[in-house]
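Open the structure in your viewer and switch to a cartoon view. The tour below says what to select at each stop.

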Amino acid sequence: MAATSSPIQLPELSQADLARYSRHLILPEVGMEGQQKLKAARVLCVGTGGLGSPLALYLAAAGIGTLGLVDFDVVDASNLQRQIIHSTKDVGRKKLDSAGDKLLALNPALNLVKHEVMLSSANALEILRGYDIVADGTDNFPTRYLVNDACVLLGKPNVYGSVFRFEGQASVFATREGPCYRCLYPEPPPPGLVPNCAEGGVLGILPGMVGIIQATEVIKLILGKGEPLVGRLLLVDALAMRFRELKLRKNPACPVCGEHPTVTELIDYQQFCGITPETAQEKSLKNGIPQISVTELKQRLDAGDDLFILDVREPYEYQIANIGGKLIPQNEVPQRLAEIDRNREIIVHCRSGARSQRIAEFLAAQGYPNVKNLAGGVLAWADQIDPKVQKY
């Protein structure tokens with residue numbers, strides 16, 4: 001079923017359009033009218049990263065008339081392994097500018113609209129309202145739930161994709177007849193329970209696979225052809241190269257699209273996901289665990305203080321960057337407590353401070369009297385202490 005009804009008068013195709021899209025025009029399922037629908041369509045891509053890169057490129061190539069991009073980040077060298085819309089010379093540039101250059105080089109007739117903002121409860125409805133279909137290429141739970149709820153409230157299809165390590169998912173949520181993201185996941189996981197791609201990694205090719213699936217679903221919705229992934233969750237296992245499918249049903253008790261919705265307006269999704277602004281006192285003491293800054297740690301190490309530095313990352317991370325300490329991966333800590341000196345002050349660190357926070361809490365619960373978490377982890381050390389330490 002098409003996502004939107006056809007406009008009263010579809011735009012004409014120019015001679016340049018006829019030449020460019022000739023392989024579409026000879027497909028009976030597309031033809032002249034289908035290509036005109038693509039030209040009339042307005043699609044919003046949330047994110048220009050791993051999923052957004054192939055998604056935006058293929059939509060622009062297919063002849064989507066208006067393509068909106070939402071992003072506020074800059075290109076980092078670590079993005080280039082999977083975010084193919086950016087190149088080495090773009091490192092440090094705004095992702096919107098980098099992506100925009102590539103998309104317009106590919107299709108100069110594209111009406112490209114840039115939204116250089118962090119999508120929030122204050123602006124999501126206003127931004128999404130101007131589009132027919134929303135394609136979600138985000139990598140965090142607050143924005144994912146925000147996009148879903150905004151799509152339900154506005155009646156916009158949400159073409160969803162996500163990736164982690166070697167596995168991906170894709171579906172079409174928030175159509176009138178199908179479930180929404182919250183029918184599948186009513187509540188987000190507790191903060192820190194599910195690692196993101198920066199912590200767990202992702203096979204660079206995988207976002208390309210899932211992003212192309214998303215682009216395919218967008219085009220099918222516009223054309224009103226085929227069987228969109230409404231009520232179906234496609235699971236991708238890149239290592240086994242297997243595709244599985246789960247049937248999804250609309251949940252009558254869903255808080256946003258159910259029979260008696262409790263979410264009738266967008267909420268503060270950062271707080272909803274347990275991510276709240278911290279006061280200075282809260283920053284220095286999380287869940288009873290004192291936080292130590294990289295600057296203070298450096299001063300104390302230089303002063304010769306007797307500290308037990310515990311690195312809870314994985315061995316492959318240790319090979320990339322090492323700021324010192326005994327390496328005991330987080331999952332091995334419970335079995336290796338005897339190696340951790342409870343008579344010394346313990347400083348726990350990881351890549352960013354999230355895993356080390358959980359291990360510090362665990363050690364405190366085991367009776368270790370003097371445990372601190374290194375705020376910001378290896379990343380903060382590289383930024384503030386030693387730029388030679390490789391960020392990843």
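Predicted model: local features only at pLDDT ≥ 70, side-chain atom pairs only at ≥ 80, totals over all residues.

Which strands does helix α7 lie across? Helix α7 lies across β1 (42–46), β4 (133–136), β5 (158–164) and β6 (167–173). Relative to β5, the helix runs at about 165°.

Stay on α7 for a moment. From its first C-alpha to its last, this helix of 14 residues reaches 20 Å, close to the 20 Å expected at 1.5 Å a residue. Now colour α7 by accessibility: the helix is mostly covered, with eleven of its 14 residues buried. Among them are P142, R144, Y145, L146 and C151.

Next, select residues 206–223. This is helix α10, which lies across β1, β4, β5, β6, β7 (232–237) and β8. Helix α10 runs at about 170° to β5.

Now hide the helices and look at the sheet. Eight strands form an open sheet with mixed pairing, in the order β3-β2-β1-β4-β5-β6-β7-β8. Select 111–115 and 242–247 to see the edge strands, β3 and β8, each of which pairs on one side only. From one strand to the next, the twist averages 15°.

Select residues 66–70, strand β2, which runs parallel to β3 and is joined to it by five bridges. To see one of the paired positions, pick V70, whose bridge partner in β3 is H115.

Conventions: Residues numbered from 1 in each chain as written. Heavy atoms only, no water. Pairing = 2+ DSSP bridges. Helix = DSSP H or I, 4+ residues; strand = E, 2+ residues; numbered from the N terminus. Axes fitted to C-alpha atoms, helices over the stretch in contact; angles between N-to-C directions. Contact = heavy atoms within 4.5 Å. Expected span 1.5 Å × (residues − 1). Buried < 20%, exposed > 50% of the residue type's maximum accessible area, 1.4 Å probe, protein only.
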